[in-house]
Amino acid sequence: MSENRSVITLAHLTREKIEYLLKMAAQFEQHPNRRILEGKVVATLFFEPSTRTRLSFETAANRLGARVIGFADPKITSGTKGESLKDTIKMVSNYADVIVMRHYLEGAARYASEVTNVPIINAGDGSNQHPSQTMLDMYSIYKTQGMLDNLNIHLVGDLKYGRTVHSLLMAMRHFNPTFHFIAPKELKMPEEYKIYCRQNGIRFTEGTDFNEDTISGADILYMTRVQKERFTDLMEYERVKDTYILSSDMLSKARPNMKILHPLPRINEITADVDDNPHAYYFQQAQNGLYAREALISDVLGLTLDDITNDKTII
Ligand code: CP
């Protein structure tokens, strides 16, 4: 987090800080409804479509007693008249105590954090980072595995444009993971993230096979959508979009503890018959987003774990 408590990436967080935020999320899971943010205003500025991230941030703010302003569609803003992102952020900073922003440009959240003293929470910037998703992913991993250390994490699908996998591998560096990157060659993990892994002692393998045997080694099977909106050539999207489709019959050799995560939305990459399989966890994962985002908003607004633990405003 930068000087003004913005959350642009989790790459700089210590292990202790990540564990602290997960403890906060656990407190919010026990008691999601409180009045601890009464009087605060949370702005949600979504320059790109979203279902889960925007609605769970807004639910988090509402459940904690804050009020919400913002937009889900930039077409209804003065951006269409030519107002710059800088001016938009400076204006909203006059109204809100924290700004949650999703933008299609990589680096937009960092830029926003540099033009205001109001904390910015990056709700996804292009194919770069999605830190609040990573908090809920780590919370989901912790809940299902009982720990974050020494896990085999298989990342499957669009590893080139998928911002959730980029954020996750950076934040997991403290926990001695082994990543398995499974992607078609067109959607391989970008070199910069492999360099990051090498520099931070994160083990990884790369491959294209996706079958019962590759799945058998996973503690976490993290499926991803092919990010159609990032392709400049839609013919290429059509060629790769259905490369990996997980179905229930592929799970016969899965470890008992293995859980399937997916940031959602899903298109074809997980068939509906997986939804009732005990390994499926993606809908609970999305639910965990509420608690993780309650923790993030509270933290950037200066509340501590003690404040949450001793909170007397529980409803
Ligand atoms: N996982 C995620 O970011 O979903 P939305 O695009 O619906 O917010």
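Select Glu-229 to start: at 43% relative accessibility the residue counts as partly exposed, the class between buried (under 20% relative accessible area) and exposed (over 50%), with a 1.4 Å probe and protein chains only. The model is predicted, so local features need pLDDT of at least 70 and side-chain atom pairs count only at pLDDT 80 or more, while totals for chains, interfaces and linings use all residues. Residues are numbered from 1 along each chain as its sequence is written, and side-chain values use heavy atoms, leaving out hydrogens and water.

Arg-225 is buried, because its relative accessible area is 15%.

Next, go to helix α9, residues 234-240. Helices here are DSSP runs of H or I with at least four residues, and strands are runs of E with at least two, numbered from the N terminus. Show the side chains of Glu-236 and Arg-239, which form a salt bridge at 3.8 Å, N to O. The two are about one helical turn apart, because three residues separate them in α9. Glu-236 is partly exposed at 22% relative accessibility, whereas Arg-239 is exposed at 57%.

Move to Arg-35 and Glu-38 for another salt bridge, 3.9 Å from N to O. Arg-35 counts as partly exposed at 39% relative accessibility, and Glu-38 as exposed at 54%. Over the whole structure, the search finds 21 salt bridges.

Now display helices α2 (residues 52-63) and α10 (residues 282-300). Their axes come within 8 Å and cross at roughly 55°. Axes are lines fitted to C-alpha atoms, for helices over the stretch in contact, with angles from 0 to 180 degrees between N-to-C directions. The pair is therefore oblique, the class left once angles under 35 degrees (roughly parallel), over 145 (roughly antiparallel) and 65 to 115 (roughly perpendicular) are set aside. The crossing of α2 past α10 is right-handed: the near helix is turned clockwise from the far one by less than a right angle.

Finish at Met-91, in helix α3 (residues 85-93). Met-91 is partly exposed, at 39% relative accessibility.

Methods: A salt bridge is a side-chain nitrogen of Lys or Arg within 4 Å of a carboxyl oxygen of Asp or Glu.
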